[in-house]
Amino acid sequence: MKAAYIRRFGGPEVLEYGELPDPTPKSGEVLVEIHAASVNAADWKMRGGQYGAAVAFPHVPGRDFSGVIVSSAGFFKPGDAVFGVCEVPREGGYAEKIAIREAIVAHKPQRLSHVQTAAIALAGLTAVVSLEETLQLKRGETILIQGGAGGVGGFAIALARHLGARVITTASASNHDYVRKLGADEVIDYRTQDFTKLVKDVDAVFDTVGGDVTSRSFDVLKPGGRLASVAVGGAAPATTRTDVKSLRPKVDRDRRRLDRVAELVAKGAVPLPDIVEYPLAKVAEAHRVSEARHLRGKLVLRAR
Ligand SMILES: NC(=O)c1ccc[n+]([C@@H]2O[C@H](COP(=O)([O-])OP(=O)(O)OC[C@H]3O[C@@H](n4cnc5c(N)ncnc54)[C@H](OP(=O)(O)O)[C@@H]3O)[C@@H](O)[C@H]2O)c1
């Protein structure tokens, strides 16, 4: 099969495109012919060695995909259109084929293309887990979403709105119309305005940006409020406030949560993000764009 892979950690130039042996499914796994995979921030962090995970080279990155079942372990039948989010550190979305545990694969929403489905997979799963399970966001609450124009932030805006929350988000001025269209009630231009001066006493913060944005976000929570960050490593971010909760979502993969992502988009509760497509062979270019941290929406690699 054709695949994009790395043989060492490094910059975008370590990404190679070429032939690798087809994967062989083990017991309980399906073989999927991949049509599209998205680029997630985790991909360039992993490529750069930031996670220090025990990776076997050559390693095929890619944490999500949309494609068609070639062989099943029992739940699906050949020809079913599916999508999935890969387990770490195995990954494998940047290829024409993947062998993956059947239990973490779900039916693709019918009305969506493979490119559109890949765009909502890990970003949607992360937003669903963070807002519905970790923050347990409720109707009538106010949430500040840091990084609303990104893949995860954009899905989170629409989901928070769907759950009945009031949504404040941060984005560059050129993305304000976009985040409003996704459902943001209030938008802060983080380049010219200090969100800590404009936002006060929110029930929840969902942080997808990291760095000092995470630590400063604690200042805008009301007592008893909670902050969840997916931009930090494995542990919840540190805070000196003792009257709020700091949380690190655990983005477990399973079919039930993927079905929830599919359902939200299929019924129109969450609109599709803006999507920029690249052929898989141009993966290094796509990584450069993603790593610059200002893409609106999602980058998707077409495998065929
Ligand atoms: N399982 C997990 O825990 C998990 C899963 C998925 C993602 N993540 C993490 O979540 C984070 C976000 O991922 P992503 O894929 O959504 O990223 P992304 O799509 O690459 O985010 C890019 C967006 O960030 C915005 N941005 C950059 N700096 C900002 C700032 N200072 N304030 C507000 N917005 C800013 C940009 O908007 P502007 O152009 O408007 O600045 C851009 O649209 C990453 O750190 C990723 O590793 C974790």
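Y51 is partly exposed, because 16 other C-beta atoms lie within 10 Å of its own. By the cut-offs used here, a residue is buried with 20 or more other C-beta atoms within 10 Å, exposed with 12 or fewer, and partly exposed in between; C-beta atoms are placed from the backbone. The structure is a predicted model: local features need pLDDT of at least 70, side-chain atom pairs count only at pLDDT 80 or more, and totals for chains, interfaces and linings use all residues. Residues are numbered from 1 along each chain as its sequence is written.

Y51 sits in the loop between α1 and β4 (64–71). Helices (H or I, at least four residues) and strands (E, at least two) are DSSP runs, numbered from the N terminus. Neighbours within four places in sequence aside, Y51 is in contact with K45 and M46. Contact requires the C-beta atoms of two residues, placed from the backbone, to lie within 7 Å. Y51 and R296 are separated by 245 residues in sequence and by 25 Å in space, C-alpha to C-alpha. The loop that holds Y51 is also the place of P58. The peptide bond from F57 to P58 is cis, with omega near -5°. A cis bond also joins V88 and P89, where omega is about 5°. P89 belongs to the loop between β5 (81–85) and β6 (97–101).

The chain is divided into domain 1 (2–122 + 253–302) and domain 2 (123–247). These bounds come from an automatic or database domain assignment. The C-alpha centres of domain 1 and domain 2 are 25 Å apart. Across the boundary, 18 residues of domain 1 are in contact with 16 residues of domain 2. On the side of domain 1 that touches domain 2, α2 and α7 (255–266) each supply at least two residues. Helix α7 gives the most to this side, with five residues. By class, the side of domain 1 that touches domain 2 has eleven nonpolar, two polar and five charged residues. Ala, Val, Leu, Ile, Met, Phe, Trp, Tyr, Cys and Pro count as nonpolar, Asp, Glu, Lys and Arg as charged, and the others, Gly among them, as polar.

Helix α2 covers residues 114–134. Its 21 residues should span 30 Å at 1.5 Å a residue, and its end C-alpha atoms are 29 Å apart, which agrees. The expected span is 1.5 Å times one less than the number of residues. A kink of about 35° in α2 is centred on A121. The bend at a residue is the angle between axes fitted to the seven residues ending there and the seven starting there. Helix α2 is mostly covered, with 18 of its 21 residues buried.

Q136 follows α2, in the loop between α2 and β8 (142–146). Q136 is not a glycine, yet its phi is positive, about 45°. Q136 counts as partly exposed because it has 13 C-beta neighbours inside 10 Å. R293 is likewise not a glycine and has a positive phi, of about 65°. R293 lies in the loop between α8 (283–291) and β15 (298–302). R293 is exposed, because 12 other C-beta atoms are within 10 Å.

Helix α3 has twelve residues, which should span 16 Å at 1.5 Å a residue; its end C-alpha atoms are 17 Å apart, in agreement. Helix α3 is mostly covered, with ten of its twelve residues buried. Among the buried residues are G151, V152, G153, G154 and F155. Just after α3, G164 takes a positive phi of about 95°.

The ligand has 31 residues around it, of which A149, G150, V152, S172 and V251 come nearest. A residue is near a molecule or strand if its C-beta atom, placed from the backbone, lies within 6 Å of it. V152 is also one of the buried residues of α3. Four elements, α1 (41–47), α2, α3 (151–162) and β9 (166–171), each supply at least two residues of the shell around the ligand. By class, this shell has 14 nonpolar, 14 polar and three charged residues. The shell draws at least three residues from each of domain 1 and domain 2.
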